[in-house]
Amino acid sequence: MGSQTEIIFMAAQILLIDNNLNILRALSQNLLEHQYDVSITSNDHDGLEFCANDSPDLIILNLDFSTQKMNSLSLCYEIRKNSCCPILILSTAGAKEEKIKALDIGADDYLDWPFDHREF
């Protein structure tokens, strides 16, 4: 009697961090349509907690993100201190210095706004 191997495919877990709800909805919908498991947060505390407890496969962070306590660069830095998870920065065109800073402190890549959702 031969043994059968069952292969289970798990959807990649993606964490979206942004405080613009319209952007979160659009990105989330796009990722869900492509069968990704998506979690969203609009604050730094929840983003850090999620990264620490759930180990996402990818973090997408809007460079324009900012709260009273932390901006996107600080959040990227804090995430990178405790996680090797890839971080994709979304950025408005013309923020080259900020994108360079983000890459220097641990982001893995960036994508300029506006972008085609197929490119994303």
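Gln-35 is exposed, with a relative accessible area of 61% (exposed means over 50%, computed with a 1.4 Å probe on protein chains only). Gln-35 sits in the loop between helix H1 (21-33) and strand S2 (37-41); helices (H or I, at least four residues) and strands (E, at least two) are DSSP runs, numbered from the N terminus. The structure is a predicted model, in which local features need pLDDT of at least 70, side-chain atom pairs count only at pLDDT 80 or more, and totals for chains, interfaces and linings use all residues. Residues are numbered from 1 along each chain as its sequence is written, and side-chain values use heavy atoms, leaving out hydrogens and water.

Most residues other than glycine have a negative phi, and most peptide bonds are trans. Gln-35, although not a glycine, has a positive phi of about 70 degrees. Ser-55, also not a glycine, has a positive phi of about 45 degrees. Ser-55 lies in the loop between H2 and strand S3 (58-62) and counts as exposed at 52% relative accessibility. As for peptide bonds, the one from Trp-113 to Pro-114 is cis, with omega near -15 degrees. Pro-114 belongs to the segment after strand S5 (109-113).

Next comes a pair of helices. The axes of H2 (residues 44-54) and H3 (residues 72-82) come within 10 Å and cross at roughly 20 degrees; axes are lines fitted to C-alpha atoms over the stretch in contact, with angles from 0 to 180 degrees between N-to-C directions. H2 and H3 are therefore roughly parallel to each other (angles under 35 degrees). In H2, Asp-44, Leu-48 and Cys-51 meet Leu-75, Glu-78 and Ile-79 in H3, where contact means heavy atoms within 4.5 Å.

Note on methods:
Parallel < 35°, antiparallel > 145°, perpendicular 65-115°, else oblique. Buried < 20%, exposed > 50% of the residue type's maximum accessible area, 1.4 Å probe, protein only.
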